[in-house]
Amino acid sequence: MPAVPAGNQVRTSSDTQLDKVQIKSASVYNIHGLSGSQHSLSVPPIHKDVVGYRGSNEFILTDDKQSTMDQIKAIGPWARRKCKNMCRRKILYKRVPVLNWLPKYNMDDAVGDLVAGITVGLTVIPQALAYSSIAGLPAAYGLYGSFVGCFVYILLGSCKDVPMGPTAIASLLTFQACDGVWQRAVLLCFLTGLIELLMGLFGLGFLIDFVSGPVSSGFTSAVSLIILSSQVKDLLGIAAKGNTFIEQWSSIIDDIHNTQVGDALMGFICIVVLLLMRLLPRIKVGPPDACDQSVAQKIINKSLWLIGTARNAIIVVVCGGIGAAFYENGKEPFRMIGEVPSGLPSVQAPPFSVPEVRDANGTIIQEYEGFGDLLQGLGSMLIVIPLIALLENIAICKAFADGKPVDATQELIAIGVSNIANSFVQGYPGTGALSRGAVNNASGVRTPFGGLYTGLLVILALLFFTPYFFYIPRAALAAIIIAAVIFMIEVRVVKPMWRSKKTDLIPGIATFIACLALPLEYGILVGIGLNILFILYHAARPKIHMDQAVTPCGVKYLMLTPDRCLIFPSVDYVRNLINKHGLKSQIPVVIDCTHIYGADFTAAQVIDTLIKDFKSRNQLLLFLNLKPSVGNVFEGADLEYRVFYDFEQLDKAIRECRRKSIPA
């Protein structure tokens, strides 16, 4: 390699020479110094005829590379630095967010959290009773999973609006994974929390990026329909089974002739009343601005808002009263939720096996299952449930973040520890629910401390009100669920998606149909798989912008600009396209590599073939603005190519090569 003249040194604005930089022959190109200033470096060309450079050893800047032994020796200091960073005060405050807001807690925060916590508690209790039926579990298990997580989230949660507890989607996934066996559900809660915690500690929150908006919408809409369908049996007072949408409706149709008039009448009336009560918070008495309203008008507006927000609790109380009034000597006018154990659940480790259960005749009605059998039965749900839980939680955080960044890693840690704690009080998997998050935000919550009052309200319900839960009609709980999930069907996104990018509807609709026809874990995998196929297709078919340019001296050449990196799925397509344009024009071709930020060995081999194709027909092929990382790949593959970083030198090379007919 020719020596670089002493005067051609790379310097910063303070004339400080860059350390560990080896300069190789090149045409004029620009380098940004350490201080951000721009410098010009001029090196004489090696080729006697062509301004530029050629050959496998011609490159701009190369850093001295460390040997493998040096890299191994550097592991120890790197690990020590990481451990030291983990113990810093900044990391502690980031991973235990309560340390940030608790010292600044004031009376206004306390009042806002008290009102919001009680309001959310009035929503959580009826929802927990209803969601446990979706999970196929006794009603008490919904309440068991609704208080400890609230306390844990106060310490570790980063979003004030997230109310931890059972959700409709998590309940349905729990039913599909556990089939109504409470030991499986509690173990699933423990393992789900453990996986979420590990994902958080290893920074795997980015995995939700693989679930696109259309796939998420299709999944949520399908789940909403399945949940709605699962409640039709309680709404009509019939018996029906099934995991998928098709199985459920097939079973409903088979047993619809056994519809109980009382249950159906109460259920449909409750749905209508709930939908009407949902509109109450929108009604405003007096001027629209609260500052201009009288005291009476403010009281009326607040009362309407409270009635509309606590509509689920009101329906449960009223319908429970009706059920108790008509209950006579064991005769139930409606199907009721039945006995709910009084008191708090015992604190114990989650079960790692399912015992064998026999009836009075000695017939086995539940077979023994060991830990291995349980793991095999839970299968892919151990991955699907944590991902969906994170999606639900992040949706709340983003909805009420007001432009602030959302820490997915911290949320994974928070909901993971919450689920682990819930499993010790016999809860099943939960996360933040968007509907309760909206109530929390509208109630004026100030910090995650609002969860304390929600949890205490659930504890009070378990201690003192469980005897009255017996009289709550199942049709009323089914109406509460149906009136809530009907608004989760995301029909409104179809129109903007159609106007924005029609192909996004394909994975969305495919996910929707697959989730209805198949188990949910397969349905969402279909959507993610289609998304990955779309990504791979776009990676394999980059766009190439073609522009015919002219040098200052009037020599025409073709400028081709690929819009993305060169990797093995795309290089043959790029080669054929460039060859096609080159054969058609028969003029020099310049490949602008500005947007090519990466390449691999396969790409280098195909580019080598492309260079030989042009050389065989004596047509000039040059490269412009090749990034160092891509150049390293080409250098390693011993490519013979010419690259330029200045249009003046490029024009000069084209002119001289054209004049002397030098082959590429």
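## Salt bridges and a buried loop residue

Arg-95 and Asp-407 form a salt bridge in which the closest N and O atoms are 3.2 Å apart, a salt bridge being a side-chain nitrogen of Lys or Arg within 4 Å of a carboxyl oxygen of Asp or Glu. The pair links distant parts of the chain, 312 residues apart, with Arg-95 in helix H3 (residues 89–95) and Asp-407 in the loop between helix H16 (381–399) and helix H17 (408–423); helices (H or I, at least four residues) and strands (E, at least two) are DSSP runs, numbered from the N terminus.

This is a predicted model, in which local features need pLDDT of at least 70, side-chain atom pairs count only at pLDDT 80 or more, and totals for chains, interfaces and linings use all residues. Residues are numbered from 1 along each chain as its sequence is written, and side-chain values use heavy atoms, with hydrogens and water left out.

A search of the whole structure finds six salt bridges, among them the three in the table.

| Pair | Closest N to O distance |
|---|---|
| Arg-95 and Asp-407 | 3.2 Å |
| Asp-613 and Arg-575 | 3.0 Å |

Asp-613 forms its salt bridge with Arg-575, and since the former lies in helix H25 (residues 601–616) and the latter in helix H24 (residues 568–585), the parts tied together are 38 residues apart in sequence.

Burial is judged by relative accessible area (buried under 20%, exposed over 50%, partly exposed in between; 1.4 Å probe, protein chains only). Arg-95 counts as partly exposed at 26%, as does Asp-407 at 22%. Glu-369, with a relative accessible area of 15%, is buried; Asp-613 is buried at 18%, whereas Arg-575 is partly exposed at 23%.

Ala-135 lies in the loop between helix H5 (107–134) and helix H6 (140–144), and its relative accessibility of 0% is why Ala-135 counts as buried. Not counting residues up to four places away in sequence, Ala-135 touches Ser-171, Thr-174, Phe-175, Gly-180 and Tyr-428, where contact means heavy atoms within 4.5 Å. Ala-135 and Gly-180 are 45 residues apart in sequence and 6.6 Å apart in space, C-alpha to C-alpha.

For the protein chain as a whole, there are 27 helices and 13 strands, and 49% of the 664 residues count as buried.
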